[in-house]
Amino acid sequence: MAAARRRATDRLAPIKTSCALAVLLLALTVLLTGCAAPESTGRKRPETFSFWPPFPDEPRMQFLVSYQYSDDVEPARSGIDDLIYGEERRVLPINKPYGVEMRDGRIYVCDTRNAGVIILDLRKQETRLMGTSGMGRMSSPTDVAIAPDGMIYVSDAARGAIFVFNAEERHVASFGWPDFRPTGIAVHGDELYACDFVTQQVQVLDRRAGDRRRTIGEKGDQDGQFVRPLGIDVDSDGNVYVTDVIRCRVQKFSPAGELLGAFGGIGDVLGAFVRPKHLAVDDEGVVYVVDAGFANIQMFNRDNRLLMFFGAAGTHPGAMYLPAGVCAHEGDLDLFEEYIHPAFDARRLVLVTNQFGPNKVSVYAFGRLREGHTVQDIATSRAAMESGLAEEYDAETGPGQPAPAPPPPDEETDQAPPPEER
C-alpha cells in the first residue's frame with residue numbers, strides 16, 4: 001500500500017510542479033502588467049506636425065510617421081515577455097531602402113543592404129523578409145511593383161532579373177536574360193514595364209510569362225531617348241512616365257510608346273532636378289518625383305506643371321536625406337489616424353524611402369484642411385521646419401550645398417554606379 005502511494009505521488013509531482021509554475025507566471029503577469037500597460041507599439045502621438053506648403057499657406061501634405069526598425073511596427077514587449085523569452089530579441093533594421101510599394105496595410109521596402117524586401121505588416125504588427133533564400137534570393141533589389149491580383153514583382157539590378165512572388169509572398173518565377181539590368185518597374189494590366197540600364201530603354205514584358213513584347217524609347221540624349229532610365233510608373237490611362245537620372249528629365253509616353261511630353265532638366269530651381277530617382281503617379285494623375293539632391297519630392301499635374309514640393313534636409317519631422325523611392329497609395333488611412341492632425345482631411349498616403357538618416361521609410365498624407373478649419377488651427381502645433389538641401393560630406397562641395405549630379409557611366413563597361421553610390 002505504501003509503495004502504491006509513493007508511485008501515485010511520483011505521478012502527481014510533475015502536475016503539481018506545472019501548476020505551481022503556472023500560478024507563479026500568472027502572479028508575475030498580474031504584477032508586471034499592473035505596474036505598466038504597454039502601448040501597442042510603444043510609439044507616441046506627435047506633439048508637433050510638419051506641413052507643406054509651410055504656414056501661412058494652406059497645407060496640402062502632412063508628415064505622419066517614419067520607420068527605421070522592425071520594432072517600430074511590432075507591439076511593445078511586456079516585462080513578462082522578457083522574463084519568459086529573455087531580454088534580447090532580434091531587431092531588424094531598415095538599412096539602405098530603395099523602391100517602395102504598399103498594399104492592404106503592408107509596406108514593401110527594397111533594401112539593397114539587407115538584400116531582400118522588408119515587409120512591414122502594419123495590421124498584423126509584424127515584420128517579414130522576402131527574397132532572401134532559395135531560388136528567389138536577391139542581391140540588390142531596386143524596385144517593387146504589385147499587380148491588382150496580388151502578384152509581387154521585384155527588380156534586381158545586380159542579379160539582372162525580375163523576381164516574381166505570389167500574394168502569399170512565395171517565389172514562383174524569375175524573368176531575365178543576359179545583359180539585363182532592371183531598375184525601376186511598374187505593372188499595368190497584363191504588362192510589366194522595366195527600365196533597363198544596359199539597352200537604355202524601357203522593356204515591356206508579359207507579366208505572367210516574362211516574354212518581351214516591345215520596347216519604349218532608345219539610346220540617346222534627346223526627348224524620346226534615354227541615357228539612364230531609372231524610375232517608372234503608369235497612370236490610369238496607361239501612359240508611361242520615366243525618369244532619367246543622367247538627363248535629369250521626366251518623359252511621358254503613350255501606351256504604344258509615342259512620346260507625349262517631357263519636363264525637367266538639370267538645375268537648382270523648382271521644376272528642375274539634380275538627382276531624380278523613382279517616381280509615382282496617383283489616381284488623379286499627379287506625378288511625384290524624388291530628387292536625392294534637393295532632398296524633396298516635386299509634384300506635377302497632367303500638363304507637366306509644377307504644383308508644389310514637400311520635404312527638405314534637416315532634423316525636423318519628415319526631413320529627407322538622400323530619398324530614393326516613392327509610392328502613392330489609396331486606402332489604409334485608418335492605420336494612421338492617430339498621427340493625422342484633427343484639422344487636416346487626409347485623402348491618400350505617400351510613402352518615401354531615405355537611404356540615410358532615421359526616417360528610412362516615411363509616411364505622408366496628401367489632403368487639405370477640414371471644412372470649417374483655418375490655417376490658424378494648425379499654427380500652434382506646427383513644427384519648425386528647415387528648407388535646406390541634402391548635405392554632401394565633400395571638401396569641394398561643402399555642407400549644405402546641392403548634391404552634384406551622379407558621375408557618368410563607364411563607357412567601356414556600360415555600367416552605371418550601383419544604387420548605393422548614386
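The questions below start with the whole chain and then turn to its parts.

Colleague: How far does the predictor trust this chain, on average?

Modeller: This is a predicted model, and confidence is given for each residue as pLDDT. Over residues 12-39 the pLDDT is below 50, and that stretch has twelve contacts beyond near neighbours in sequence. Residues 390-422 also have a pLDDT below 50, with 65 such contacts. Of the residues, 78% score at least 70, and the chain average is 85.

Colleague: How many helices and how many strands does the protein chain have?

Modeller: Buried residues make up 52% of the 422 residues. Of the contacts between residues at least 6 apart in sequence, 52% join residues at least 24 apart. As for elements, the count is three helices and 27 strands.

Colleague: Which element supplies the largest share of the lining of the largest pocket?

Modeller: The largest pocket holds about 730 Å³ of space. Its lining has 33 residues, with Glu101, Ile146, Val187, Asp233 and Ala328 nearest the centre. By type, the lining divides into 18 nonpolar, six polar and nine charged residues. Several strands supply at least two residues each, including E7 (141-146), E11 (182-188) and E3 (97-103), and the largest share, five residues, comes from E3.

Colleague: Which residues have the most contacts inside the largest nonpolar core?

Modeller: Two or more residues of this core come from each of strands E2 (61-67), E3, E4 (106-111), E5 (116-121), E26 (344-354) and E27. Another core, of 20 residues, lies apart from it and has Ala280, Met299, Val352 and Phe366 among its members. The largest core itself has 31 residues, and those with the most contacts inside it are Leu64, Tyr67, Ile107 and Phe336.

Colleague: Is Ser362 buried or exposed?

Modeller: Ser362 sits in strand E27, residues 361-369. Beyond four places in sequence, its contacts are Phe63, Val65, Ser66, Val350, Leu351, Val352 and Asn354. Its relative accessible area is 0%, and the cut-off is under 20%, so Ser362 is buried.

Colleague: What separates the C-alpha atoms of Gly314 and Glu386?

Modeller: Gly314 is in the loop between strand E24 (306-310) and E25. At 38% relative accessibility, Gly314 is partly exposed. Leaving out residues up to four places away, Gly314 touches Ala319, Met320 and Glu386. Gly314 and Glu386 are 72 residues apart along the chain, yet their C-alpha atoms are separated by 5.8 Å.

Colleague: Which residues does a cis peptide bond join, with omega about 15°?

Modeller: Most peptide bonds are trans. The bond with omega about 15° joins Phe55 and Pro56.

Colleague: What is the phi of Cys248?

Modeller: Most residues other than glycine have a negative phi. Glu169, in the loop between strands E9 (161-165) and E10 (171-176), has a positive phi of about 70° and is buried at 19% relative accessible area. Cys248, in the loop between strands E18 (240-244) and E19 (249-253), is buried at 0%. Cys248 is not a glycine either, and its phi is positive, near 55°.

Key:
Residues numbered from 1 in each chain as written. Predicted model: local features only at pLDDT ≥ 70, side-chain atom pairs only at ≥ 80, totals over all residues. Heavy atoms only, no water. pLDDT = per-residue confidence, 0-100. Contact = heavy atoms within 4.5 Å. 1 Å grid on protein atoms, 1.4 Å probe; cavity = no way out; pocket = protein on both sides within 12 Å on 5 of 7 lines; lining within 4 Å. Points joined across faces, edges and corners; volume = space filled by probe spheres on them. Helix = DSSP H or I, 4+ residues; strand = E, 2+ residues; numbered from the N terminus. Nonpolar A, V, L, I, M, F, W, Y, C, P; charged D, E, K, R; others polar. Buried < 20%, exposed > 50% of the residue type's maximum accessible area, 1.4 Å probe, protein only. Core = buried A, V, L, I, M, F, W, Y, C linked by side-chain atoms within 4.5 Å.
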